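Subject: Structure handover

Hello,

Here is the structure I said I would pass on. My notes follow below it.

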Amino acid sequence: MVASREPERKLIASNKRARHDYAILKTYEAGVALLGTEVKSLRAGRASLVDAFAQERDGEIMLYGLHIPEYAYGTWTNHQPRRTRKLLLRRGEINKILDQVRDPGLTLVPLSMYFSNGWAKVELGLARGKRTYDKRQALAERDANREIARAMSRHLKGQTRPSR
């Protein structure tokens, strides 16, 4: 039996709203400094990236607004659900990201959180905010592509008109 080189990824949470509200220019993978009860809560699949964002503080990149609910079986050692968490990146990556984020209009948004080979990771996106008309245009384009795919599927199956 040959072991695969692909890392096993178990998705915990994803931020679908971020891809709608922002144009993602580049993505980065970062580890997260967590407490024991936070890891247990994440393994139960409980986390929310809805209001989360990343910023620089004292030369480090910190994750704000990530909600990890208290562990149900935790005791007095339980964690604060919305505490600030440090992202684990190499110094060169941090410097590169901070240089890019200093440009006006760019921000760091967490796109997803997952376990990769047992380690909790966050996928960060270097993002630029979309305008309202950009969002509408993206929705219209997606709907048009979906309709084209349906028409092609009907054509390949031999149907001439839509079955509704």
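**The β3–β4 hairpin**

In the hairpin made by β3 and β4, two residues lie between the strands, and Asp-58 there takes a positive phi near 55°. Helices (H or I, at least four residues) and strands (E, at least two) are DSSP runs, numbered from the N terminus.

Before the rest, some ground rules. This is a predicted model, in which local features need pLDDT of at least 70 and side-chain atom pairs count only at pLDDT 80 or more, while totals for chains, interfaces and linings use all residues. Residues are numbered from 1 along each chain as its sequence is written, and side-chain values use heavy atoms, with hydrogens and water left out.

β3 and β4 run antiparallel and are joined by five bridges; two strands pair if DSSP finds at least two bridges between them.

**Aromatic rings**

A search of the whole structure finds one aromatic pair. Phe-53 and Tyr-64 form it, stacked, at 5.3 Å centre to centre and with 20° between the planes. The pair links Phe-53 in strand β3 (residues 53–57) to Tyr-64 in strand β4 (residues 60–64), eleven residues apart. Rings of Phe, Tyr and Trp (its six-membered ring) pair if their centres lie within 6.5 Å; planes under 30 degrees apart count as stacked, over 60 as edge-to-face and the rest as tilted.

Phe-53 is partly exposed, at 34% relative accessible area, whereas Tyr-64 is buried at 17%. Buried means under 20% relative accessible area, exposed over 50%, and partly exposed in between (1.4 Å probe, protein chains only).

Two arginines also sit over rings. Arg-9 lies over the face of Tyr-114, 3.8 Å from the ring centre, and the charged end of Arg-43 is over the ring of Phe-115, 4.2 Å from its centre. The criterion is NZ of Lys or CZ of Arg within 6 Å of the ring centre and within 35 degrees of the ring normal.

Thr-37 is in helix α2 (residues 36–43) and counts as buried, at 11% relative accessibility. Leaving aside neighbours within four places in sequence, Thr-37 is in contact (heavy atoms within 4.5 Å) with Tyr-71, Thr-77, Asn-78 and His-79.

Leu-89 is in the loop between β5 (85–88) and α3 (91–101), and is buried at 15%. With neighbours within four places again left aside, its contacts are Glu-29, Ala-30, Ile-61, Ile-94 and Ile-97. The C-alpha atoms of Leu-89 and Tyr-28, 61 residues apart along the chain, are separated by 9.4 Å.

Regards
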